[in-house]
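Here are some notes for a first look at this entry. Please read them with the structure open.

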Amino acid sequence: MFKKILIANRGEIACRIIKTAKKLGIKTVAVYSDADLNSLHVQMADEAINIGPALVSASYLSIEKIIWAAQETGAEAIHPGYGFLSENPKFPRALEKVGIIFIGPPVKAIKSMGDKITSKELAKKAGVSIVPGHIGLIKDVEEAVQVSKKIGYPVMIKASAGGGGKGMRVAWNDKEVEEGFYASKNEASNSFGDDRLFIEKYIVDPRHIEIQILGDCHNNLLHLGERECSIQRRNQKVIEEAPSTFIDEETRNKMGEQACKLAKAVGYTSAGTVEFIVDKDKNFYFLEMNTRLQVEHPVTELITGVDLVEEMIKIAQGKRLSFVQDDIKLNGWAIESRLYAEDPYRNFLPSIGRLTRYRPPNELTLSELVIRNDTGVTEGGEISIFYDPMIAKLCTWANSRPEAIKLMRDALDDFEIEGVGHNLPFLSAVMGHARFISGDITTAFIENEYQGGFVGVTLEEDELRLVSSAIVSIHIFNEVRKSNISGRVNDILEVVGGDWQVSVQGVESPVKVVKNKNEVLVQYADLETQRVNFKWLPGDILVKFIINGENYSLKVNNIIGGYRVRFRGADLKVQVKTSRQVQMSLLMLEKKDMDTSKSLLCPMPGLVTSIDVMEGDEFEQGQTLCTIEAMKMENTLKAEKRGVVKTILAQVNQSISVDQLIMEFE
Ligand code: ADP
């Protein structure tokens with residue numbers, strides 16, 4: 001066994017690899033940039049070594065620095081994780097020269113699969129079904145239009161060097177091909193330093209289903225079933241699960257066989273993933289092969305019991321796989337939710353800042369259920385502009401899909417994150433969405449179900465009632481605390497009264513609080529009575545309630561005039577009033593929101609790359625007004641309705657902050 005390995009990565013994946021190395025008794029070396037001095041992976045590793053400034057090109061992407069760090073610390077092998085150097089063939093080649101082992105596939109396999117065009121050619125030769133299209137480079141926009149017409153609309157323009165959903169655009173007509181061609185080219189050149197494009201048929205409403213494979217250096221190659229990754233936003237995965245609700249045994253075997261065939265054709269060893277899109281008739285088409293550990297690998301580990309990082313380490317040492325295809329049994333159901341520092345209420349814009357609160361749910365491993373949280377952050381840590389905005393990967397496992405979903409809903413409710421915008425409410429919303437629950441999903445799920453963006457969750461009546469009961473109980477508790485402080489008697493109903501009115505999400509409910517000893521009984525006008533127990537200490541945001549015998553977690557903050565409550569993806573203002581307060585509030589003026597319809601505010605921190613209108617210009621709804629580059633993505637800001645530009649306040653190449661005024665309209 002290796003004595004010491006270095007992890008050429010950061011964040012959750014570095015921490016996850018360190019965990020397995022520890023289990024195997026291998027010492028670990030973390031590398032870190034100046035921005036990561038206090039990060040979790042540095043704390044978890046046996047040794048840590050600084051490899052330079054925050055900028056990735058000068059640290060995590062520098063092959064020389066990583067090799068220097070390995071030599072300095074005497075690490076025998078390097079695990080690259082995902083991203084960064086993991087799929088750069090120059091890296092293992094450089095390691096080979098200095099006698100350090102790369103924990104990953106052979107250079108040849110990385111190289112041939114790293115390029116989407118080459119890999120498609122290879123797949124075709126190996127008898128794998130590929131998306132119909134033009135497997136070749138597109139030199140200019142005229143050729144792009146010609147090729148697209150030949151393939152037949154809709155088409156997808158893709159970057160050959162692509163990854164992470166970047167550099168791809170769907171086009172439904174010639175005009176969109178022209179626009180998409182330049183947008184993809186720019187994005188590809190910014191993200192990969194390689195702007196080669198190709199075009200293929202756009203499969204409408206497909207599912208994204210991928211096969212995990214493992215191969216050793218003794219010609220043993222097998223697959224570990226599929227992962228369904230159809231819940232995507234802008235072609236980036238958000239929620240994954242294993243197995244897939246769509247795949248029967250026969251399709252699974254066929255996809256598995258093709259994945260292994262392709263892997264064999266390139267002499268693959270180590271862990272890898274063959275991605276397919278699957279149409280509604282279960283026809284599947286090869287998309288690409290990822291020659292590394294995937295972000296979503298935990299769901300496969302949870303249903304197969306195989307530790308993929310352990311296998312990668314053993315394979316790198318020349319060991320044989322200790323199991324064969326028939327030993328792989330898919331057991332139960334696993335779901336992964338990716339928690340990102342991005343604000344779902346502002347079109348998922350990346351959010352940066354300090355995690356003033358970071359309290360994940362407790363991890364659990366029981367025979368009936370598992371909660372696993374892969375993370376690389378700690379409370380007080382920072383989500384910076386330099387790196388991926390992923391905060392954690394929360395996974396649940398149970399015997400069945402409904403149970404795994406229920407467990408995920410509860411775990412998301414238990415997750416506390418404050419200080420940065422995050423997508424917890426959105427993840428909760430998907431987990432509670434009837435179509436997701438039914439399993440009828442495609443890669444267009446988010447686009448179809450959240451047209452016009454995510455505006456939060458509207459709770460069902462029974463959920464609203466739970467919130468009402470919970471908050472009335474908290475409110476009374478607070479009132480009692482106040483009266484204790486002023487030295488008044490401690491019989492709550494005598495002091496604070498038993499008649500209240502709760503308003504949640506526009507629903508006003510008069511309630512009677514009929515008892516309080518160890519629990520609060522809340523009675524509604526229709527005579528339903530809810531029995532509420534809870535534990536709460538001043539300063540707690542997460543409050544655990546037992547209402548009519550069931551457990552619920554609500555996040556409750558005191559705000560002016562009431563409570564802010566977050567529950568199952570809903571973000572609510574709840575007010576609890578006495579009847580006198582109700583009368584008085586009817587006389588108050590309502591506060592109006594600011595009118596922003598006459599201005600274009602920058603929705604994210606970024607760089608203005610183009611301003612597409614001039615002062616005095618008339619514009620139509622949907623017309624591009626300007627483009628902002630943020631986190632290496634080109635974001636086009638379009639007009640929400642027709643109008644006339646009055647003044648332009650931003651300039652091309654200017655860095656602007658969130659909510660900064662870009663232009664005003666007449
Ligand atoms: P990346 O390497 O950037 O992740 P992929 O080729 O794996 O790019 O595609 C990412 C996602 O884009 C897929 O999961 C799928 O949702 C969508 N996609 C890619 N190609 C097509 C296509 N031809 N038709 C429909 N959707 C596609």
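1. A term is needed first: helix axes are lines fitted to C-alpha atoms over the stretch in contact, and angles between them are taken between N-to-C directions, from 0 to 180 degrees. Please keep in mind that the model is predicted.

2. With that in hand, take helix H3, residues 63-73, and helix H4, residues 90-98: they pack at an angle of about 40 degrees, and their axes are 11 Å apart. The crossing of H3 and H4 is right-handed. On the H3 side the contact is made by Ile63, Ile66, Ile67 and Gln71, and on the H4 side by Lys90, Phe91, Ala94, Leu95 and Val98. Sorted by class, the contact of H3 with H4 has seven nonpolar residues, one polar and one charged.

3. On the overall layout, the domain assignment divides the protein into domain 1 (4-103), domain 2 (132-201), domain 3 (344-456), domain 4 (461-585) and domain 5 (599-665).

4. How far apart are the C-alpha centres of domain 3 and domain 5? The distance is 31 Å. Six residues of domain 3 are in contact with six residues of domain 5.

5. Between them, domain 3 and domain 5 bury about 530 Å², with 72% of it on carbon and sulfur atoms. Within domain 3, the residues that lose the most area to domain 5 are Arg346, Leu349 and Pro350, together 75% of what that side buries.

6. The interface of domain 3 and domain 5 has one salt bridge by the rule used. Separately listed is a salt bridge of aspartate 659 with arginine 346, whose closest N and O atoms are 2.6 Å apart.

Conventions:
Residues are numbered from 1 along each chain as its sequence is written. This is a predicted model: local features need pLDDT of at least 70, side-chain atom pairs count only at pLDDT 80 or more; totals for chains, interfaces and linings use all residues. Side-chain values use heavy atoms; hydrogens and water are left out. Helices (H or I, at least four residues) and strands (E, at least two) are DSSP runs, numbered from the N terminus. A crossing is left-handed if the near helix is turned anticlockwise from the far one by less than a right angle, and right-handed if clockwise. Contact means heavy atoms within 4.5 Å. Ala, Val, Leu, Ile, Met, Phe, Trp, Tyr, Cys and Pro count as nonpolar, Asp, Glu, Lys and Arg as charged, and the others, Gly among them, as polar. Domain bounds come from an automatic or database domain assignment. Buried area is the accessible area (1.4 Å probe) that two parts lose on being put together, summed over both. A salt bridge is a side-chain nitrogen of Lys or Arg within 4 Å of a carboxyl oxygen of Asp or Glu.
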